[in-house]
Structures are given as C-alpha cells and as structure tokens.
Amino acid sequence: MLCAQCDDSARGTCRFCGRGVCATHHSNLPFVVTLFGVQPPQAIVVGGTLWCGVCRPQPEPIAMPELNR
Ligand SMILES: [Zn+2]
Ligand SMILES: [Zn+2]
C-alpha cells in the first residue's frame, strides 16, 4: 500500500477513512470508540489513533434518523 499523499510506502492505514499513510504524513487523532449516556452523553475515546491528516472526522456523531426504523 502507498501513502495517499506522496506515494511512499505506507506504514499504516487511516483509522477513519482507510487511506494509506507513510511515516511523514501520518498524524494522531482521538478516536471515539463508543458513545453512551444521554444527559450528558459520554464517549470512550482512544487517543493517538492513526490518522491520514486528509479526511475530516466530525467531532460530533451525526444523527441518522432514516436508519432508525
Ligand atoms: Zn506520505
Ligand atoms: Zn483518513
């Protein structure tokens, strides 16, 4: 697999979008594993998740009422 930004060999894949990222272009970002609770909502987060630096994970979960049948 190659880095999505420079075509160097990738050291891993972005946790969020699956792009390949090399040692130069990888970044870290907290990854929200799961959300629970309502007031207030709480999240279990893993810090230092491999991130490509290109995609833009949204900081808040996006409501998808159309999936709630
Ligand atoms: Zn790269
Ligand atoms: Zn990504």
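Start by selecting Asp 7, which sits in the segment before β1 (12-13); strands here are DSSP runs of E with at least two residues, and helices are runs of H or I with at least four, numbered from the N terminus. This is a predicted model, in which local features need pLDDT of at least 70, side-chain atom pairs count only at pLDDT 80 or more, and totals for chains, interfaces and linings use all residues. Residues are numbered from 1 along each chain as its sequence is written, while chains are lettered from A and ligands numbered from 1 in the order in which they are written.

Asp 7 has a phi near 65 degrees, a positive value in a residue other than glycine. Asp 7 is exposed, with 10 other C-beta atoms within 10 Å.

Next, select Cys 3, Ala 4, Ala 10, Cys 14, Val 21, Trp 51 and Cys 52, the seven residues of the largest nonpolar core. Such a core is a set of buried Ala, Val, Leu, Ile, Met, Phe, Trp, Tyr and Cys residues joined through C-beta atoms within 7 Å.

Move to Ser 27 in strand β3. Ser 27 counts as partly exposed, with 13 C-beta neighbours inside 10 Å. The C-alpha atoms of Ser 27 and Gly 53 are 5.9 Å apart, although 26 residues separate them along the chain.

Finish at Pro 40, in the loop between β3 (27-36) and β4 (42-51). A cis peptide bond links Gln 39 to Pro 40, with omega about -5 degrees. Most peptide bonds are trans.

Conventions:
A residue is buried if 20 or more other C-beta atoms lie within 10 Å of its own, exposed if 12 or fewer, and partly exposed in between; C-beta atoms are placed from the backbone.
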